[in-house]
Amino acid sequence: MDIRVQADPFAPGAVLDGFTAALSGAGAVVSFTGLVRDIDGALDHMEIEHYPGMTEAALRKIASDAMERWPLIDVLILHRHGKLAPQDPIMMVATASPHRNAAFEAADFLMDYLKSRAPFWKNERVGGVDRWVDATAEDEAALSRWGDDAANGGD
Amino acid sequence: MKIDVRYFAWVRERIGVGHESVETDAATPRALIEELRTREARYEAAFQDITALRVAVDQELVDMDDALGTAREVAFFPPMTGG
């Protein structure tokens with residue numbers, strides 16, 4: 001399990017190569033990279049706040065839950081904080097398993113939980129004005145398809 | 001008891017500090033919020049809609065009505081937007 005929370009930029013290809021090189025017994029690797037989405041060319045930058053300490057613990061829990069649920073060989077979660085430019089990679093997940101289905105499903109699961117259960121908050125500066133990105137009902141609803149502690153942390 | 005209370009994102013901005021030490025006998029996060037709301041307008045501004053908030057006790061997500069017990073750190077923040 002490789003959990004990284006960092007302000008520094010990263011190269012998704014290099015991270016994926018490192019993850020893959022360390023595996024043994026894997027037949028499938030799935031990775032997902034999230035980018036800072038521009039808003040009609042108007043996004044100046046994004047700033048991501050997080051909760052040091054809790055962030056790392058929450059990511060470890062999400063990764064452990066995935067490893068309990070699927071026959072995974074390894075999991076990687078990397079998430080940036082601080083100031084990011086449009087199209088910068090924000091985060092990535094990678095999963096490795098003997099067969100592809102588990103790797104795909106686990107990557108999907110990691111993304112759903114990262115959206116709503118890891119203490120990050122996105123702030124976008126658009127046309128010189130800062131605004132907090134709202135959580136969406138869709139993100140919250142996405143957790144229910146995994147059928148477990150979707151209610152945790154809700155109120 | 002003395003609790004380190006932390007605020008993030010727009011909750012932090014409305015209250016004006018990232019964390020502070022609070023002397024309280026509140027039994028739950030909800031009770032702590034009600035207590036803080038009576039202190040100053042900036043708390044009222046941050047806490048006017050409790051359903052818009054999430055809470056972590058000692059860095060774990062909990063519900064507003066869970067017991068604070070011997071909590072050392074309580075954090076209030078809006079729903080998270082990671083990924």
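## Chain A as a whole

Chain A has four helices and eight strands, and, read from the N terminus, these elements follow one another in the order β-α-β-β-α-β-β-β-α-β-β-α. The structure is a predicted model, with an ipTM of 0.95 and a pTM of 0.93.

The C-alpha trace of chain A spans about 50 × 40 × 30 Å along its principal axes. A compact globule of 155 residues would have a radius of gyration near 15 Å, and because chain A has 16 Å, its value agrees with that expectation. Of the 155 residues in chain A, 32% are buried. When contacts between residues at least 6 apart in sequence are considered, 77% of those in chain A join residues that are at least 24 apart.

Strand 3 of chain A, which covers residues 43-50, runs antiparallel to strand 7 of chain A, residues 120-126, and seven bridges join the two. Within this pairing, A:Glu47 has A:Asn123 in strand 7 as its bridge partner.

Strand 7 of chain A also pairs with strand 8 of chain A, residues 129-132, again in the antiparallel sense, and here there are four bridges.

## A closer look at A:Lys83

A:Lys83 belongs to strand 5 of chain A, which comprises residues 82-84. Is this residue exposed, partly exposed or buried? A:Lys83 has 13 C-beta neighbours inside 10 Å, and therefore counts as partly exposed, since the exposed class ends at 12 or fewer and the buried class begins at 20 or more.

Which residues does A:Lys83 contact, once its neighbours within four places in sequence are left aside? The contacts are with A:His45 and A:Glu47, and A:Glu47 is the residue whose bridge partner in strand 7 of chain A is A:Asn123. A:Lys83 also illustrates how positions separated along a chain can lie in space, for A:Ala7 is 76 residues away in sequence while the C-alpha to C-alpha distance between the two is 7.8 Å.

## The sheet of chain B

In chain B, five strands form an open sheet in the order 2-1-5-3-4, and the pairing is mixed. Its edges are strand 2 (19-23) and strand 4 (60-62) of chain B, each of which pairs on one side only. On average, neighbouring strands of this sheet are turned by 30 degrees against each other, with direction ignored.

At one end of that order, strand 4 of chain B pairs with strand 3 of chain B (residues 54-57) in the antiparallel sense over three bridges. Here B:Ala56 has B:Leu61 in strand 4 as its bridge partner. The mean pLDDT of chain B is 96, and 100% of its residues reach 70 or more.

## Where the two chains meet

How values were computed:
Residues numbered from 1 in each chain as written. Chains lettered and ligands numbered in written order. Predicted model: local features only at pLDDT ≥ 70, side-chain atom pairs only at ≥ 80, totals over all residues. Contact = placed C-beta atoms within 7 Å. Pairing = 2+ DSSP bridges. Axes fitted to C-alpha atoms, helices over the stretch in contact; angles between N-to-C directions. pLDDT = per-residue confidence, 0-100. Rg over C-alpha atoms; globule rule 2.2 N^0.38 Å.
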